[in-house]
Amino acid sequence: MSNGILVFIEHKAGALNKTSLEAIAAAQQLGNSINAKPTAVVLGAASLANEIAAYDLEKVINVDHTQLAEYTSDTYAAAMEQAVRALDPQYVVMSHTYLVRDFAPKLAARFGKGLISDCIRMNAESDKTVFTRRLFLGKLDADVVSDGEQPIFLTFQSGAFRGDQAVKESSAAVEQMPADVPEPRMKPEAPFQEVKQAVDLSKAEIIVAIGRGIKSKDNIALAEKLCEALGADLAASRPICDAEWLPIDRQIGSSGQTVAPKLYIALGISGAIQHLVGMKNSQTIVAINKDPEAPIFDIADYGIVGDLLEALPVLTEEIRKLKS
Ligand SMILES: Cc1cc2nc3c(=O)[nH]c(=O)nc-3n(C[C@H](O)[C@H](O)[C@H](O)COP(=O)(O)OP(=O)(O)OC[C@H]3O[C@@H](n4cnc5c(N)ncnc54)[C@H](O)[C@@H]3O)c2cc1C
């Protein structure tokens with residue numbers, strides 16, 4: 001019945017996308033519950049396949065075809081379809097990246113299956129595995145159980161598993177798999193270039209981070225005053241940087257910087273997993289949020305349930321008094 005687990009390894013011109021290590025960690029954990037080692041599949045990157053072979057895997061397959069040199073959803077869906085048909089796995093595990101979101105629904109549809117997407121955790125019970133997805137901006141968690149018919153297609157949210165917990169082993173076998181990949185119907189544009197980071201927050205001792213709860217760009221001045229009083233660096237959750245209220249190099253989280261200061265003050269940040277993954281190792285976490293159920297309170301050492309616009313001036317004033 002089970003042919004184990006296939007885990008998709010994403011790369012950009014042969015350079016590993018680090019979330020794939022999280023996918024390996026997820027696949028290994030799932031493998032423990034069905035007593036199977038995952039097989040990794042790399043599309044068109046032989047040297048990366050050798051690199052990935054250092055992990056505790058059944059084997060690594062590199063699907064080899066010139067059409068795979070550049071990503072398109074047509075070519076990736078076709079190559080993955082052939083790998084899934086050849087290996088007939090019980091589960092296909094992927095990271096919930098933009099690229100996977102682009103081709104994975106098409107892949108799953110080719111097997112007449114849905115995609116259990118954006119999972120934040122899983123729980124193996126005696127006869128089934130329950131996958132949890134977050135709904136309504138984190139207000140509800142939905143437990144999903146598949147129909148049991150393989151292959152079961154899964155994606156895990158960035159940060160749901162830790163890449164550094166992917167288990168290494170001496171060396172898995174690497175196999176080349178030829179594939180019949182069609183001419184793509186689309187031509188990709190030049191790849192998006194990440195902006196180089198100018199600010200290094202990883203060495204900051206105190207960080208004051210603002211989230212969407214700050215409400216307006218003008219209110220950032222209140223957080224800056226707290227930074228001044230504390231000698232802290234200012235940081236933000238992603239929506240703040242997306243809105244260009246602060247530059248991208250102030251963003252904390254899975255697609256921003258990872259920090260571990262002595263003190264992290266989260267102002268109006270809900271505590272989405274992609275944010276937590278970038279700051280949860282802070283020594284002391286203080287959160288101000290008007291929602292007592294906000295997930296940030298699950299990891300906060302101290303919390304104020306209330307309006308940050310009211311709390312900030314008082315807090316800043318008290319810190320100034322203490323320091324004077
Ligand atoms: C692939 C991917 C990568 C991502 N990478 C990152 C990343 O690197 N970093 C990141 O941060 N996010 C990232 N995200 C986005 C992440 O999922 C969340 O959407 C984001 O972290 C939410 O930001 P937030 O907490 O500021 O906003 P929200 O989730 O909207 O939370 C705002 C909070 O403010 C509180 N609030 C509102 N008004 C007040 C007030 N007056 N006083 C006090 N509290 C108030 C609310 O109760 C709420 O909890 C990523 C998402 C994806 C899909």
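## A buried cysteine and its surroundings

C227 is buried, at a relative accessible area of 6%. Here buried means under 20% relative accessible area, exposed over 50%, and partly exposed in between, with a 1.4 Å probe and protein chains only. This is a predicted model: local features need pLDDT of at least 70, side-chain atom pairs count only at pLDDT 80 or more, and totals for chains, interfaces and linings use all residues. Residues are numbered from 1 along each chain as its sequence is written, and side-chain values use heavy atoms, with hydrogens and water left out.

A disulfide is a pair of cysteine sulfur atoms within 2.5 Å. The structure holds zero disulfides. C119 also counts as buried, at 0% relative accessibility.

## Overall build

The protein chain has nine helices and 16 strands. Both are DSSP runs numbered from the N terminus: helices are H or I with at least four residues, strands are E with at least two. The radius of gyration is 22 Å, close to the 20 Å that the globule rule gives for 324 residues, so the chain is as compact as a globular protein of that length. That radius is taken over C-alpha atoms, and the globule rule is 2.2 Å times the number of residues to the power 0.38.

Along its principal axes, the C-alpha trace spans about 70 × 45 × 40 Å. Of the 324 residues, 48% count as buried. Among contacts with a separation of 6 or more, 65% come from residues 24 or more positions apart. A contact means heavy atoms within 4.5 Å.

## The five-stranded parallel sheet

Five strands make an open sheet in the order β13-β12-β14-β15-β16, with parallel pairing. Two strands pair if DSSP finds at least two bridges between them. β13 (233–236) and β16 (302–305) stand at the edges; each has a single partner strand, so one side of each lacks a neighbour in the sheet. Neighbouring strands are turned by 15° against each other on average, direction ignored.

β15 (residues 284–289) pairs with β16 in the parallel sense over four bridges. There, I288 has I304 of β16 as its bridge partner. Five bridges join β14 to β15, again parallel. β15 is mostly covered, with five of its six residues buried.

## Helix α5 on the sheet

Helix α5 (residues 220–230) packs on this sheet and touches β12 (206–210), β13 and β14 (263–267). Its direction makes about 175° with that of β12. Axes are lines fitted to C-alpha atoms, for helices over the stretch in contact, and angles run from 0 to 180 degrees between N-to-C directions.

Which residues of α5 are buried? They are I220, A223, L226, C227, A229 and L230. Their cover includes β12, β13, β14 and α9 (308–323). An α-helix has 3.6 residues a turn, so residues three or four places apart point the same way. After α5 comes G231, with a positive phi near 70°.

## Helix α4 and its bend

Helix α4 (residues 98–110) bends by about 35° at A104. The bend is the angle between axes fitted to the seven residues ending at a residue and the seven starting there. A proline, P105, follows within four residues.

L99, V100, F103, A104, L107 and A108 are the buried residues of α4. What covers them includes β1 (5–9), α3 (73–87), β6 (91–95), β7 (115–124) and β10 (152–156). G112 follows α4, and its phi is positive, near 65°.

## Strand β10 between two partners

β10 is mostly covered: five of its five residues are buried. I152, L154 and F156 point one way, while F153 and T155 point the other way. In a regular strand the side chains alternate between the two faces of the sheet.

β10 pairs with β6 in the parallel sense over five bridges. β7 and β10 pair in the parallel sense over three bridges. Which residue of β10 is the bridge partner of V93? It is L154. L154 is also the bridge partner of I116.
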